Amino acid sequence: MIIHQKLSGVIAQEIFGVKSEAVLNAIGCHTTLKANATTFDKIVFIADKIAWDQQTVPPYLADVLLALEKSLDQAAFSYLNYLWQRRHTLAVIHPWLIAAHQQLLCQN
């Protein structure tokens, strides 16, 4: 799950010919986000979390949507904090996720 965000950026560039740095950067952090994320990065990140690829409703969806009514940063933090509270169950905690969580925690 973690590596596909970087692979997705390469695929977008090499196979689909995406040249926009903003798009490639957003694709490159759509799973974990990162510190100093742009607005576009956050939009793609939240869209990815809302567009759940399972047959059930995401367990965090209501909280993320409620936070999204306040701000994009609060929505991103809501999801990151959801993961952070369950970090002991994750196989890997990407350093970008940690950095994004800490930065947004300080802003909230």
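Predicted model: local features only at pLDDT ≥ 70, side-chain atom pairs only at ≥ 80, totals over all residues.
Visitor: Why is His 101 called buried?

Guide: Buried means under 20% relative accessible area, exposed means over 50%, and partly exposed lies in between, using a 1.4 Å probe and protein chains only. His 101 has a relative accessible area of 2%, so it is buried. You will find His 101 in helix 6; helices (H or I, at least four residues) and strands (E, at least two) are DSSP runs, numbered from the N terminus.

Visitor: What does His 101 touch, not counting residues up to four places away in sequence?

Guide: His 101 touches Phe 77, Leu 80, Asn 81 and Trp 84. Contact means heavy atoms within 4.5 Å. For a residue at some distance, take Val 18: its C-alpha atom is separated from that of His 101 by 28 Å, and the two are 83 residues apart along the chain.

Visitor: What makes Ser 78 count as buried?

Guide: Ser 78 has 16% relative accessibility, so it counts as buried under the 20% cut-off. Ser 78 lies in helix 5 and, leaving aside its neighbours within four places in sequence, is in contact with Asp 63, Val 64 and Ala 67.

Visitor: And why does Leu 104 count as buried?

Guide: Leu 104, in helix 6, has 3% relative accessibility and therefore counts as buried. Not counting residues up to four places away in sequence, Leu 104 touches Leu 33, Asp 73, Ala 76, Phe 77 and Leu 80.

Visitor: What makes a set of residues a nonpolar core?

Guide: A nonpolar core is a set of buried Ala, Val, Leu, Ile, Met, Phe, Trp, Tyr and Cys residues joined through side-chain atoms within 4.5 Å. The largest one here has 18 residues, and Leu 33, Phe 45 and Leu 80 touch the most other members. Two or more residues each come from helix 3 (39-50), helix 4 (61-68), helix 5 (72-85) and helix 6 (95-107). Helix 5 gives the most, with seven residues. In soluble globular proteins, nonpolar side chains tend to be buried together.

Visitor: Which residues is Leu 80 in contact with, leaving aside its neighbours within four places in sequence?

Guide: Leu 80 is in contact with Thr 32, Leu 33, Phe 45, Leu 97, Ala 100, His 101 and Leu 104.

Visitor: How do you know whether helix 4 and helix 5 are roughly parallel or roughly antiparallel?

Guide: Their axes come within 7 Å and cross at roughly 160°. That makes helix 4 roughly antiparallel to helix 5, because angles over 145 degrees count as roughly antiparallel, under 35 as roughly parallel, 65 to 115 as roughly perpendicular and the rest as oblique. Axes are lines fitted to C-alpha atoms, for helices over the stretch in contact, and angles run from 0 to 180 degrees between N-to-C directions.

Visitor: Which residues of helix 4 and helix 5 meet?

Guide: Asp 63, Val 64, Ala 67 and Leu 68 of helix 4 meet Leu 72, Gln 74, Ala 75, Ser 78 and Tyr 79 of helix 5.

Visitor: What makes helix 3 and helix 5 oblique to each other?

Guide: Helix 3 and helix 5 pack at an angle of about 50°, with their axes 10 Å apart. Helix 3 and helix 5 are therefore oblique to each other. On the helix 3 side, the contact is made by Thr 39, Lys 42, Ile 43, Phe 45, Ile 46 and Lys 49. From helix 5 come Leu 72, Asp 73, Ala 75, Ala 76, Tyr 79 and Leu 80.

Visitor: Which residues of helix 2 are buried?

Guide: In helix 2 (residues 21-28), Leu 24, Ala 26, Ile 27 and Gly 28 are buried. The buried residues of helix 2 pack against helix 1 (4-14), helix 3 and helix 6.

Key:
Residues numbered from 1 in each chain as written. Heavy atoms only, no water.
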